[in-house]
Amino acid sequence: MSAPRLEIDLDKIQHNARTLVERLALRGISVTGVTKASLGSPEIACAMLRGGVKGLADSRIENIEAMRRAGVMASMALIRSPMLSQAERVVAHADVSFNTELDVLGKLSSVAKEARKTHGVVLMVELGDLREGILPRDLEHAILGTLRLPNIVLMGIGTNLACRSGVVPSPENMGELSALAESLEDRLGIEIPTVSGGNSANLEWALGTTHVGRVNDLRLGEAILLGCEPLTRQPIEGLHTDAITLVAEVIEAKQKPTLPWGDIAQSAFGDSSRPKDQGRIRQTIFAVGRQDIDPEGLYLPEGTELLGASSDHLVANLGTSHLPVGAEMTFQLNYSALLRAMTSSFVGKVVKTPRAGAPVVRPPLVG
Ligand SMILES: *Cc1c(COP(=O)(O)O)cnc(C)c1O
């Protein structure tokens, strides 16, 4: 089989999704499955749906289009604010989009009217992570502006934390989101059906708190695909952390000194740190590099160590295990490595479970 490749175990992805869906259901929270790290793979999307996620969400319209073309039947939300230049594609293929700019909403509205469709909208609120979001004090104005737009349906409000700045979801910021939903409903006499609390980093809060407030949906990608909690990168109990693994092939294995020789300047990737001297060791090179993965995002087995990486090579000290040229090794990945591997055309994708033929019924729109 060709290497490098990702081996994708759909049953494990389904199990992870199902486990999270069931745990969160006890708190009145549904799960939207986020597919952005899987490049619109219909197999992965369907495994999430079999696991009980209510709908799918992706940051790229291209991925949503790919899932549509493959016949995936589900509600699909675009969770990166749409570009003005993509409004037609967004209305054509996404049921819902997450928005923060009235100019974009106006364009979505006129495109939707033209296409005789309605388009669902979730307004994102800025609660401190400083990525996308309308400041709380401007939310009422944005909602009033949205409600005036023909062919646009306000599905709810949401927020995203722990992404750009690592702001931790807490009783305070989640409480603020709930309070916003309630006060806007009271003041404007409207209904805000969906309160989308955040991503995998919200799990600790959602499963630990006694009061989820109005939050009734989470958008989960990493936790389903990697079984990990992103705030601490710890495995989540009962979930598989090896649903997706990377297999790479050895192209050189030789005893070499650990220190380079000659005049030393910066390396190709600007790294000027010096390796520690371990004398002569067996240095194993895998045919996989920065074009394919984030080397710092590979989990090497106990007793082995990453020595360096270039665009095309991963250099490791495998300790006492000796892999000959041609041998393969399996690595677990973090989100950053997974994202790059999924989007690298040099990395094969091998789906382990044969396509399960279970029919996927179309769930209702978000909310
Ligand atoms: C990526 C993303 C998610 C999912 O994040 P995970 O950490 O993979 O669960 C949710 N919401 C938004 C807006 C995102 O961009």
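Trainee: How far is the polar side-chain atom of Arg131 from an oxygen atom of the ligand?
Mentor: Arg131 places a polar side-chain atom 3.1 Å from a ligand oxygen, which falls under polar contacts (pairs of N or O atoms within 3.5 Å). Keep in mind that this is a predicted model, where local features need pLDDT of at least 70, side-chain atom pairs count only at pLDDT 80 or more, and totals for chains, interfaces and linings use all residues. Residues are numbered from 1 along each chain as its sequence is written, and side-chain values use heavy atoms, leaving out hydrogens and water.
Trainee: And what about Ser200 and the ligand?
Mentor: A polar side-chain atom of Ser200 is 2.5 Å from an oxygen of the ligand. For Lys36, a side-chain N or O atom is 2.8 Å from a ligand oxygen.
Trainee: How much of the ligand's accessible area does the protein cover?
Mentor: The protein covers 94% of the 390 Å² that the ligand has on its own, by the Shrake-Rupley method with a 1.4 Å probe.
Trainee: How do the residues of the shell divide?
Mentor: Four are nonpolar, four polar and five charged, with Gly counted as polar.
Trainee: New topic: how many salt bridges does the structure hold?
Mentor: There are 13, taking a side-chain nitrogen of Lys or Arg within 4 Å of a carboxyl oxygen of Asp or Glu. One of them joins Asp95 and Arg68, at 2.8 Å from N to O. Another pairs Glu7 with Arg5, with the closest N and O atoms 2.9 Å apart.
Trainee: Are Glu7 and Arg5 buried or exposed?
Mentor: Both Glu7 and Arg5 are buried, meaning under 20% relative accessible area (1.4 Å probe, protein chains only).

Conventions
A polar contact is a pair of N or O atoms within 3.5 Å; within protein, one must be able to donate a hydrogen and the other to accept it, and residues adjacent in sequence count only if both atoms are side-chain atoms. Buried means under 20% relative accessible area, exposed over 50%, partly exposed in between (1.4 Å probe, protein chains only).
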